[in-house]
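Look at the structure below. Find the ligand, and we will walk around it.

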Amino acid sequence: MKKDDYYPIIFKRKSIRNYDLNPLDNNILKEISEEFDNLIPLYSNINTEIKIISTEDVKQRFMKKAPHYLAVFSDTSEGYLTNVGFMLQQMDLFFSSNGIGSCWQGIPIPKAEILNGSNLKFIILMAFGKPLDPLYRDSMNEFKRNPIEKISKVTGADNLLEAAKLAPSATNSQPWFFTGNDSAINVYSIKPNFLKAMVVNKYIPIDVGISIYHLKVAAEHFGKTTEIIFDKDEKKDSPKGYTYYATLKFSME
Ligand SMILES: Cc1cc2nc3c(=O)[nH]c(=O)nc-3n(C[C@H](O)[C@H](O)[C@H](O)COP(=O)(O)O)c2cc1C
């Protein structure tokens, strides 16, 4: 299985919800689990665990079945949900670039044996398998996303923000906001309204982690190296009503 520049994949990927329920070949499953070791964490101090589980291990809760799922567990150190978003989006793009369908799944949960099988807290599932729908979008028009003007006050880095904008998010809520310029981008989340908050609050930090990963992929595609830091001053200066997450600092390679 290949792992190259994910940038082009960001512009055509989509969530897959219809799967051939026959299991993938064992060699492929082995290669998928080998990829777990290559995932880059956002915070290297956080302990995570990923397991491949099957349809029978999951309470689908009205969601369509998939032949396989990644079940993600984590300790609950500060930033753990954002870290999971950042790490698991690497798997979403890995699947998509290797002809495998995938979809983040916040609603289904693993059965008790799986939950009890880890010392860490269960966070989320990602369904995957052979897609029965087309794997890619035919055109950019198929993306339902907010325009850059709505999610950013960044100057001079639209090429990076285009990739952040296309990140998947729970219920497509797109809770991210960005400030800065082409050498440093600050990442925030917006506060959802009261009703929306009941559904999406748990997922907002995960969604933001996903968009941070898309920013990193784009920066590297354009030849920049990225350092991701937590800047106490930026946190202090956060625009009103926004929650600060991280700052990406870019330098030319
Ligand atoms: C944290 C998270 C949880 C999600 N949970 C579900 C889910 O339970 N069921 C589902 O069908 N899609 C789920 N999705 C997929 C989103 O609905 C989807 O990413 C969004 O609508 C954008 O569409 P796209 O991924 O095709 O670009 C989830 C996505 C994220 C990031």
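Which side chain holds an N or O atom 2.7 Å from an oxygen atom of the ligand? The side chain of R145 does. This is a polar contact (a pair of N or O atoms within 3.5 Å). The protein buries 89% of the 630 Å² that the ligand exposes when taken alone; such areas come from the Shrake-Rupley method with a 1.4 Å probe.

First, a word on the model. It is predicted, so local features need pLDDT of at least 70 and side-chain atom pairs pLDDT 80 or more, while totals for chains, interfaces and linings use all residues. Residues are numbered from 1 along each chain as its sequence is written, and side-chain values use heavy atoms, without hydrogens and water.

Now turn to the nitrogen atoms. A backbone N or O atom of G106 lies 2.9 Å from a nitrogen atom of the ligand. A polar side-chain atom of Q105 lies 3.4 Å from a ligand nitrogen atom.

Step back to the shell.

Key:
Polar contact = N/O pair within 3.5 Å; in protein donor to acceptor, adjacent residues only side chain to side chain.
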